[in-house]
Amino acid sequence: MVSIAVNKGHANVAMLGIGAYRPKRIVSNEEVCQTLDSTPEWIYERSGIRNRRWISGDETAKSMAVAAAERALRNSGIDKSQIGAVILTTGSWKTKIPHGAPQVAFELGINGLPAFDVESGCGGFGYGLGVATDMIRAGSAEYVLVIGTETMSVVMDPKDRGTAFIFADGAGAVVVGPSEENGISPTVWGSDGENAGAISQNYDIPEYMDRAEEFQGKDAETDPVGRMVVRMEGPRVFRWAAITLPKALSSAIEQSGVAKEDIEVFVPHQANARINDLMKANLGLGEHVPVANDIENTGNTSAASIPLAIEEMLVTGKAKGGQTALLLAFGAGLSYAGQVVTLPPAPKEASF
C-alpha cells in the first residue's frame, strides 16, 4: 500500500488581530419611524437599539469586507502574503454565483488562495471561526482571514415590524493563526432545520440591489418589483433561542475546559439587548462580567455582529486583549456556534 502524505498543523490557535468597518450613515429610530408604524421608545424597549448604520454612496458588502480585512491584517502584524485562506461569512451578498470570498481576496491583493463563503445567517461568524481554527489545526493553512460582512438594509421591508428596526450593515474581520497558548476552544455548534422557516427570504438578490439608497426605506412589495426581502417570525425564534441557547452556552464552556468563573467577557450575537442580558443571567455569569452591547448604536449586523462587538469593547476599554471571552453566534438556519476565546489585542486602527 502506498503512503499518502498527511498535513501537520498547529495545536494552539488564536485570533491575532481584529478589524472592522462601520458605514458612515447613522440611522436613528426616529428616521426608521418615518416609514415604520412604531415609536423610537417602542423600538428601544423591544430591542435595545437607538441607532444603526446603513451603507450609502459607494459603500458595498465587498468594500466593507475589504476595509475590515485590511485593518485586521494591519492590527495583527501578519503580512497578507502569509494568509493561506479567506473565509467570508455573509447572508446578504448579492449573488450566489459567483460567491464573494474570491472577489474579496482579489481586492486584497491575495488572488489565487482558497477562498469560500460560509452561509449560516447570523451564526456565520461562529461557523467561520470554527472552520478556520480547524483548518489551521489540520495543517490546511497557517493563517486564515475570517470576514463577516452584511448589507441587511437593502433586504428589509421598511414596514415590517418584525425586522425593519433591527437589521443594519457593517463588516468585521479577524486574522486567525498559530500561537504559543491556545486561544480558541473547540466549537460547539448545531442547527434545527425543523424551524428553518422562522427566518427566511423570498428570493435571491437581484443585480440592481447594488444601488442601496434606491431601496432603503422603499415599499418592498411595489418598489422595485422582484426585490428580495428577509422575513422573521420573532416569537418562534425567541422560543427556540430560550430552549437551545442556554444549553449551547453551557456546552461551550464545558468543552473549553475553562471554568465558568474564569469567563471575563460575554460576546453574544447582537440580536436583542434584552435577550443577551437574560442569557447572561441564566448562565450565572458574575455581575462584573461585561456583556457586548454594540447593538445599541450599530444594530443587528448578522454575520458581522460578533467581530464588530468585540472591536467596540476593545476600543472603548470595556474589554481588554488577552481576556477570556465566551462567544455565541445564532440565527437563521436555525443555527448556532459558540466558542471560548482569548480576545485579540485592542486594534491600533479602529472603525470609529
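The model is predicted. Helix α3 is largely enclosed by the rest of the structure, because 12 of its 16 residues are buried. Two aromatic pairs are counted.

**Helix α3**
- Helix α3 spans residues 61–76 and reaches 22 Å from its first C-alpha to its last, close to the 22 Å expected at 1.5 Å a residue.
- Among the buried residues of α3 are M64, V66, R71, L73 and N75.
- The cover over these buried positions includes strands β1 (13–21), β4 (85–89), β6 (144–151) and β7 (169–178), together with helix α4 (100–107).

**Aromatic pairs**
- W42 and F165 form an edge-to-face pair, with ring centres 5.3 Å apart and planes at 75°.
- Because W42 lies in helix α2 (residues 40–47) and F165 in the loop between β6 and β7, this pair ties together parts 123 residues apart in sequence.
- W42 is partly exposed at 23% relative accessibility, whereas F165 is buried at 3%.
- Y127 and W189 form a tilted pair, at 5.2 Å centre to centre and 40° between the planes.
- Y127 belongs to helix α5 (residues 124–138) and W189 to strand β8 (residues 188–191), so the pair links parts 62 residues apart in sequence.
- Y127 counts as buried at 17% relative accessibility, and W189 as partly exposed at 34%.

**Charges over rings**
- R161 lies over the face of W42, 4.4 Å from the ring centre.
- R50 lies over the face of Y44, 3.8 Å from the ring centre.

**Annotated span**
- An unreviewed UniProt entry lists residues 116–193 as "domain: Beta-ketoacyl-[acyl-carrier-protein] synthase III N-terminal".
- The span 116–193 is 19% helix and 32% strand, and its end C-alpha atoms lie 23 Å apart.

Technical notes:
Residues are numbered from 1 along each chain as its sequence is written. This is a predicted model: local features need pLDDT of at least 70, side-chain atom pairs count only at pLDDT 80 or more; totals for chains, interfaces and linings use all residues. Side-chain values use heavy atoms; hydrogens and water are left out. Helices (H or I, at least four residues) and strands (E, at least two) are DSSP runs, numbered from the N terminus. The expected span of a helix is 1.5 Å times one less than its number of residues. Buried means under 20% relative accessible area, exposed over 50%, partly exposed in between (1.4 Å probe, protein chains only). Contact means heavy atoms within 4.5 Å. UniProt positions are given in the numbering used here, feature names are shortened, and annotations may be inferred rather than shown by experiment. Rings of Phe, Tyr and Trp (its six-membered ring) pair if their centres lie within 6.5 Å; planes under 30 degrees apart count as stacked, over 60 as edge-to-face and the rest as tilted. A charge sits over a ring if NZ of Lys or CZ of Arg is within 6 Å of the ring centre and within 35 degrees of the ring normal.
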